[in-house]
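Subject: Handover of a structure and the findings from it

Dear colleague,

Please find below the structure that I am handing over to you. My findings follow it, arranged by region.

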Amino acid sequence: MKKCVLSIVLLFLVVQFFAAEKYALLITGQAADHGDPIGSWALANPGRKRHQEFWYDLAMLFNMLLRQGYEEENIYVLYGEGFDYDPPGITMPAIYLHPLNGQITDYPADREHLETVLSGLARGNQELGIPQLNDDDFLFIWTFDHGGHEGEGSSVVNLCLMDNEVIWNWEFADMLRQINSQKKVVWMQQCFSCGLIDDIEALH
Amino acid sequence: MKRLMIVLAYLSVCILLAQSWSQPINVSNQQNIKSKLDFCIDSRGIIHCIWMSGNPIGYQIYYSRSIDGGLTWTTPLQISDIDAYTRYYPKIVADSSGRLFVTYTCTYEGTETIRLKRYNGRVWTPEQTISASQVNSINLALAIDNCDRVYSFWQVYENPIGYKFNYVVIGEDNISQIFSPYSSTLGDNLIYSVVADSIGNLHCSGSRRETPNSIFNACYYRYNISDREWLAPVSMLTQYDAYQNGSDISLNRQGLPLMTWREVLNPNYPLNDRSQFSQFNGQVWSNPITISEDPWYQTMVVDANNIVHLVQVEKFYIGPRQIKNLVYYTSDGWEGEIITNSTNIATFPELRLYNNTLYLVYLDSISASVADIYFMKRVLPDTSINDELNIDPTIISSLSANPNPFRESVEINYKLNSGGPVNLGIFNIRGQLVKTLSKEYKNPGTYTVLWDGSNEHGNSVSNGIYYCRIQVDNKIKTIKLLLVK
């Protein structure tokens, strides 16, 4: 009887130790908005330089991931200049805010922080509390920005980050390749995102 | 004489015990995602509490009540209709017969409407849409007056005029037309908290912005019931953008309004705030005073002795990790008392006064996904006994700085009415500790500490705003310092 209980406890501990974790990385670079929630979608409102729909999609996705059982500390959010879109005076719908009105955004969506987070997931970063992912983990990546490409008809495409920084398709794929995982799911909303398919489709 | 001393000592202990907050009681007991909440106390003393709770689709509205003063609570009941919609920002009031009125925002496929739910003493009625002709409506406030007139307010955006509040008056069997009192006024006019006085006038705290590029001024709105007219809004002296979360209004014993609001000094990350307070003397509003730096939500009531009781969320640090706890202030010295012991975020406080007792409902969390609704109460002291015994309830009698602004060094002066472990530190506008000035037990008395504008490593810090915060046990006080080299 004792042996049986001990075995069950041991099995439980082993399962816990090797349990797969769910991680997510949400990236929204240019042209993320922090201004008034007045206006409409980018295409319908070309005069505006920044667009709040980037925040709406990101915040809804963050809340959906929480409801799907992702731990908040396992969701890495890079948005705009590094702070949430929460304009004064106006009450935002709850689906666009952190449930406890905490910060959703962890880092600015610039090249330095993107590289830090991706290399952290690949090799671990104790200082920032980013764990090294292992072969059992699941990683969900979502990107939304303006998107760009090298020239007409070119398959060399990029993600648009803040301060006019970009990250090219091969660079992004190379960074993702270094992250261990059981499976990676990449969901892209920016223009020209199909140009990244052949670079990243075989990465787990 | 000895007997008198014993009686006085016994009375002092009783008063001190009565003045402390009760242990938190878990209202919701559902460990999942939760967010904003509200509660009311009906004429029989039954406490009714509602909150947003997450499920895989979105948020729904849950309800629980306590018939024994908050000791025990009924099993949470989902009162919003069961479908694929998501609901949030619930508000609740009770009329003189104990009937309940609940409003909230309902979202489906990007369209927001305001829904009403009633409880007639036996059953909850099906949801009713009260903003039928308007989409993208966000629930703001719910109020009831002495004649059981229920007012429901919500936010709309009217292109190209701006953000406005609209409202309806809810009767026993009917709902009025939708009123838009400032629909023809350019700019944004919004309210966040409403209270009715004894004759049915409405007093509202809100904000106003005249043009899209100007700041949101904290603003007082008033509705006169006798001539059914909204008066011209009164903007408070507001230096920075007034935020919606943390705006509250209450009436004193004479029926005069008092307002508190949150201003954001630094609109860039990390947001840095201050809570402001102003009161109306019948003719003018007082110049706003700053209660504390860096708060979040405030909620406020005024007792029968015109003492203001305020609870707000403030940031603290466990090592590098930021947490948030609730801090309780009274206008009797504005000394803060930390009243929760959260390991993550305690937030969304709602404070009510009933039978000389403060009732507080709030959310405490272990993580964003694991949170519960809690209840606490505090019996207020009989101030006549307090005065006779000459008890000063504050521990930190004063905290000041001289000179301020300062160039090279500043003298921090503080006075303690009773001894305790003192933690005196300088914080930057990000809320990060710059330097610890004192961390030791101090006896009652007056103390002076010099800060030479250096950090823990002895390096000079840059020009700008800093905060000096003293904490003795769970009591805190903060002042702002300005370093100009």
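Predicted model: local features only at pLDDT ≥ 70, side-chain atom pairs only at ≥ 80, totals over all residues.

Surroundings of B:Lys377

B:Lys377 belongs to strand S28 of chain B, which covers residues 371-379. Leaving aside residues up to four places away in sequence, B:Lys377 touches B:Ser22, B:Gly70, B:Thr357, B:Leu358, B:Tyr359 and B:Leu360. B:Trp21 lies 356 residues away from B:Lys377 along the chain, yet their C-alpha atoms are separated by 5.6 Å.

Strand S28(B) pairs with strand S27 of chain B (residues 357-365) through nine bridges, and the two run antiparallel. Within this pairing, B:Val361 has B:Phe375 of S28(B) as its bridge partner. S27(B) and S28(B) form a hairpin, with five residues between them. S28(B) is also joined to strand S1 of chain B (residues 25-26), again antiparallel, by two bridges. There, B:Tyr374 of S28(B) stands opposite B:Asn26.

Domains and sheets of chain B

The domain assignment divides chain B into domain 1 (22-389) and domain 2 (396-483). Taken over C-alpha atoms, the centres of domain 1 and domain 2 of chain B are 33 Å apart.

One open sheet of chain B has eight strands in the order S22-S23-S24-S25-S35-S34-S31-S32, with antiparallel pairing. Its edges are strand S22 (295-302) and strand S32 (433-442) of chain B; each has a single partner strand, so one side of each is left without a neighbour in the sheet. From one strand to the next, the twist averages 30°.

Strand S7 (residues 100-108) and strand S8 (residues 111-119) of chain B are paired in the antiparallel sense over nine bridges. One of the residues involved is B:Cys106, whose bridge partner in S8(B) is B:Thr113.

Chain A

Chain A contains five helices and seven strands, which follow the pattern α-β-α-β-α-β-β-β-β-α-β-α along the sequence. Of its 204 residues, 40% are buried. Among contacts in chain A with a separation of 6 or more, 69% are between residues 24 or more positions apart.

Helix H2 of chain A comprises 15 residues (residues 53-67); at 1.5 Å a residue these should span 21 Å, and the end C-alpha atoms are 21 Å apart, which agrees. The buried residues of H2(A) include A:Phe54, A:Trp55, A:Leu58, A:Phe62 and A:Asn63. The cover over the buried residues of H2(A) includes strand S1 (22-28), strand S2 (75-79) and strand S3 (138-143) of chain A. Just after H2(A), A:Gly69 takes a positive phi of about 95°.

S3(A) is itself mostly covered, with five of its six residues buried. S3(A) and S1(A) run parallel and are joined by six bridges; in this pair, A:Lys22 stands opposite A:Phe138 of S3(A). S3(A) also pairs in the parallel sense with strand S7 of chain A (residues 183-188), over six bridges, where A:Val185 of S7(A) is the bridge partner of A:Phe140.

Contact between the chains

Where chains A and B meet, 20 residues of chain A are in contact with 40 residues of chain B. The side of chain A that touches chain B has nine nonpolar, six polar and five charged residues.

Yours sincerely

Definitions and conventions: Residues numbered from 1 in each chain as written. Chains lettered and ligands numbered in written order. Helix = DSSP H or I, 4+ residues; strand = E, 2+ residues; numbered from the N terminus. Buried ≥ 20, exposed ≤ 12 C-beta atoms within 10 Å, placed from the backbone. Contact = placed C-beta atoms within 7 Å. Nonpolar A, V, L, I, M, F, W, Y, C, P; charged D, E, K, R; others polar. Domains from an automatic or database assignment. Pairing = 2+ DSSP bridges. Expected span 1.5 Å × (residues − 1). Axes fitted to C-alpha atoms, helices over the stretch in contact; angles between N-to-C directions.
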